[in-house]
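This report is meant for someone meeting the structure for the first time. Please look through the sequence and the model below before reading on.

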Amino acid sequence: MGFRSDFLWGGATAANQYEGGWNEGGRGPANTDVMTKGSKDQARGATYTLPDGSRHLTKGVAVKDLPEGARFEVLDGYEYPCHDAVDFYHHYKEDIALFAELGFKTYRMSISWPRIFPTGMEKEPNEEGLKFYDNVFDELLKYGIEPMVTLHHFEVPLELTNQWGSWADRRTIDCFIRFCRTVFERYKNKVKYWMTFNEINNIYFGFLSSGVPGDDLQTVMQAAHPQFVASAMAVKIGHEINPDFKIGCMLAASRCTVYPETCNPADVQKAWEQASRQYFFADVQCRGYYPSYQLKYFERNGIHIQKESGDDEILKEGTVDYIAISYYRSMITAAPKQEGSDPLLLGVINPYLEATEWGIAIDPMGFRITLHNLYDRYQLPVMIVENGIGAADEVAEDGQIHDPYRVDFFRSHIQAMKDAVDIDGVDVMGYTTWAPIDIVSAGTGEMRKRYGFVYVDKDDEGNGSLKRSKKDSFAWYQKVIASNGENLE
């Protein structure tokens, strides 16, 4: 019993939150580069200009009601936390050495699309960007760490948004496939595990997740279709380039774990409906077609998905090899207390659960429920690629970071994952924590909301030396990996 002998232990990050070097090495700007800093009470925004030269900031991560002629730009006088992040671009050797010390079997990361194709529309890739990832993969492989790469992790070349609205336009498919083919060919002997879209169901966040300037249901659902087609095409192309590739989809599974507010049958039905709006995205990528319940939902809401001839065949031929998930919390069907009080659209706190300062319910049993629900639904191997707790760590008088709350979180969730394997029979491939090192929060743009086993000396104002230091949880996770999950003490 217990985890398989080849279980993939590790950690996960995203280029836009970790890499930095936003304008170095020939990289072009991304949607995330025009997003400002927020907080747990204040949503991030995106900066843009109008033809009259006026400068503006959107309200929230899902851009809506954008004036005609708006152009997203990096502007003086705003704080953009993703520009420098914590500078993996210049610290990758040091950081990978720390991952190796932890005992990582895999490291899940993303390739920055605009580092390879600065505007997304070039015919030839940026060689300096390709060389950077060659160096990163070589460094990982030197330590025996398997790279696991996300192709689209909330990062789109900004020019695709300014030209035609990013994924709201099918022309983005060709740009993305050119990117995928380039990196598949370049790294076919260095990378085995791939994922197409990070948290594809978070396209509801619009601009933050996909560079789409709009949040109405028709726009969002239509923009999802080119992503489905692009994902399926990427799977097929990747398998042609290297049949040994394992290519998965990735779902924000926290949004699928929805409890009814009460045992009233109407609440149970409401919970199913809320969860199904999220499962839909995995259904298409794992099963290869739009499920009937979602077609009826479109019909009831007047949503019309424009497809091209051959799209349905592409979806059928490009189903994934495994399903990857993020899990941070469960949800209930109750609505937020008031509009604007919940910038991350988390809903209310479950009264039976504790929550973090940022309103994230801590629910390890929900993690187990999520795993067996997903495996029962798809019968595909499950890869947990994000699980973690954001907390405001403090440097103690002894200079150390004591984070027993992080150890408690991971202990309970890893035990729940083990129960899913031993008791429920779920085929779990591996587990990468979010994030092994402190990075910029995607939702709030903060550094104060820390996830790592490694502390990075940087604050929300951008001050700090970027020095890396180990937290107490570092040694704990090191023991967990060394024991293949048996030693959780």
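Is strand 6 (residues 146–152) mostly covered or mostly uncovered? Strand 6 is mostly covered, since six of its seven residues are buried. The model discussed here is a predicted one, and every value in this report is computed from it.

**Strand 6 and its partners**

On one hand, strand 6 is joined by five bridges to strand 5 (residues 106–110), and these two strands run parallel. Within that pairing, Ser110 has Thr150 of strand 6 as its bridge partner. On the other hand, four bridges join strand 6 to strand 7 (residues 193–197), and this pair also runs parallel. Here Met148 stands opposite Tyr193, a residue of strand 7. As background, the strands of a sheet pair through backbone hydrogen bonds, in either a parallel or an antiparallel way.

**The nonpolar cores**

Which residues touch the most other members of the largest nonpolar core? They are Trp194, Ile414, Met417 and Tyr477, in a core that counts 130 residues. Helix 8 (residues 217–241) gives the most to this core, contributing 12 residues. In soluble globular proteins, nonpolar side chains tend to be buried together.

The surroundings of Trp194 can be followed in some detail. When residues up to four places away in sequence are not counted, Trp194 touches, among others, Ile111, Val149, Leu151, Val183, Phe184 and Tyr187. The residues touched by Trp194 also include Phe245, Lys246, Ile247 and Gly248, as well as Tyr322.

Helix 8 also holds Pro226, which counts as buried because its relative accessibility is 1%, below the 20% limit for that class. Leaving aside neighbours within four places in sequence, Pro226 is in contact with Trp167, Arg170 and Ile173. Pro226 and Ala168 are separated by 58 residues in sequence, yet their C-alpha atoms are 7.9 Å apart in space.

Another residue to look at is Ser473, which lies in helix 14 (residues 472–482). Is Ser473 buried or exposed? Ser473 counts as buried because its relative accessibility is 0%. With neighbours within four places in sequence left aside, Ser473 is in contact with Asp403, Arg406, Val407, Gly452 and Phe453.

**Two helices side by side**

The axes of helix 2 (residues 88–102) and helix 4 (residues 127–142) come within 10 Å and cross at roughly 10 degrees. Helix 2 is therefore roughly parallel to helix 4, because angles under 35 degrees count as roughly parallel. From helix 2, the contact is made by Phe88, Tyr89, Tyr92, Lys93 and Ile96, while helix 4 brings Phe132, Asn135, Val136, Glu139 and Leu140. The residues of this contact between helix 2 and helix 4 divide into seven nonpolar, one polar and two charged.

An open sheet of three strands has the order 3-2-4, and its pairing is antiparallel. Strand 3 (55–57) and strand 4 stand at the edges, each with a single partner strand, so one side of each is left without a neighbour in the sheet. Strand 2 (residues 47–49) is joined to strand 4 by two bridges, and the two run antiparallel. Thr49 stands opposite Arg71 of strand 4 in this arrangement.

**Backbone features in the loops**

Most residues other than glycine have a negative phi, and most peptide bonds are trans. Against that background, two residues are listed here with their backbone angle.

| Residue | Phi |
|---|---|
| Ala85 | positive, about 45 degrees |
| Phe154 | positive, about 55 degrees |

Where is Ala85 placed? Ala85 is in the loop between strand 4 (71–72) and helix 2, and it is buried, with a relative accessible area of 1%. Phe154 lies in the loop between strand 6 and helix 5 (158–164), and it is buried as well, with a relative accessible area of 5%.

A further backbone feature is the cis peptide bond that joins Trp434 and Ala435, for which omega is about -20 degrees. Ala435 is found in the loop between strand 13 (428–434) and strand 14 (454–456).

Methods:
Residues are numbered from 1 along each chain as its sequence is written. This is a predicted model: local features need pLDDT of at least 70, side-chain atom pairs count only at pLDDT 80 or more; totals for chains, interfaces and linings use all residues. Side-chain values use heavy atoms; hydrogens and water are left out. A nonpolar core is a set of buried Ala, Val, Leu, Ile, Met, Phe, Trp, Tyr and Cys residues joined through side-chain atoms within 4.5 Å. Buried means under 20% relative accessible area, exposed over 50%, partly exposed in between (1.4 Å probe, protein chains only). Contact means heavy atoms within 4.5 Å. Two strands pair if DSSP finds at least two bridges between them. Axes are lines fitted to C-alpha atoms, for helices over the stretch in contact, and angles run from 0 to 180 degrees between N-to-C directions. Angles under 35 degrees count as roughly parallel, over 145 as roughly antiparallel, 65 to 115 as roughly perpendicular and the rest as oblique. Ala, Val, Leu, Ile, Met, Phe, Trp, Tyr, Cys and Pro count as nonpolar, Asp, Glu, Lys and Arg as charged, and the others, Gly among them, as polar.
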